[in-house]
Amino acid sequence: MTDILSKKLESKIDNKLISKRKRTKLEDGFKKGKVVNEVLDKPTVMTLYKMITDHVIAYVNGSVSAGKESVLFWGVDEHDANVALKIYLVSTANFKKREPYILGDPRFSHLKKGTKNLVYLWAKKEYRNLTQCYEAGIPVPRPLYVTNNVLAMEFIGDGGAPAKSLLTSEVDENDYAQAISILGDLYKKAKLVHGDFSEYNIFKTEKGLVVFDLGSGVDLRHPNAQEFLKRDINNIGRFFKKRGILVEDSDKIFEDIVK
């Protein structure tokens, strides 16, 4: 009887998630089979179903971008508002490289062994970082919900297409000034260092820059916080310099931020 109920539940979940799904083409060539096998495994499907029953989302349209550690899905809530669903890959080994961004952060002092536990903690960490930034008035996607390996947040983009990053946008002096200002606000207002601040993790929108991928963000009490800040400053400065923008001295920017 248990097996029969289990199969019925799985069928209900599949119908709920797939029946309303719109056909979308994933531009980066992420294979459909890989999405199903590595992302939408049974525990993740159950997590998505719980998000439906909790009224976080109404349905999932499909995947819109993919990386080594996560896949971004385009969801829709009950008010027809777009929701970004970041699903972290439990099967990947890449998260073991992320331990230095957790160990030493006093907010996450208890790290259980195992890749799944690390992934779940990483999702919670990114949600908390987004929350700290959003409450401090820093331009980030508004965090909505997190459970297990799924993070729901505001969708930055239009019609299921994410906004363009700095990497794929025309940039100018004002964009550079905004980027440096955001670094300062992260440090002084949100009490965080991004840890992976680059042209890949910043959207350029009509309203200005929006920072994302804050999973690497660390508390200022982290022993390597200032080293991470120096790296963030150097990375973003290097990008703008390549684009022909006059950039400030990295040491001066660092001193102005931490003083």
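A: Contact here means heavy atoms within 4.5 Å. Helices (H or I, at least four residues) and strands (E, at least two) are DSSP runs, numbered from the N terminus. This is a predicted model, where local features need pLDDT of at least 70, side-chain atom pairs count only at pLDDT 80 or more, and totals for chains, interfaces and linings use all residues. Residues are numbered from 1 along each chain as its sequence is written, and side-chain values use heavy atoms, with hydrogens and water left out.

Let's take helix α4, residues 115-135. The expected span of a helix is 1.5 Å times one less than its number of residues.

Now, what's tucked away? Buried means under 20% relative accessible area, with exposed over 50% and partly exposed in between (1.4 Å probe, protein chains only). The buried residues of α4 include L118, V119, Y120, L121, W122 and A123. Further along α4, K125, E126, N129, L130 and C133 are buried too.

And what covers them? Among the strands doing so are β3 (82-88), β4 (143-147) and β5 (150-154). The cover also includes β8 (192-193), β11 (218-219) and the helix α5 (173-188).

Just after α4 comes G137, with a positive phi of about 85°.

One of those covering pieces, α5, has a meeting of its own: Y176, I180, L183, G184, Y187 and K188 in α5 meet I253, D256, I257 and V258 in α7.
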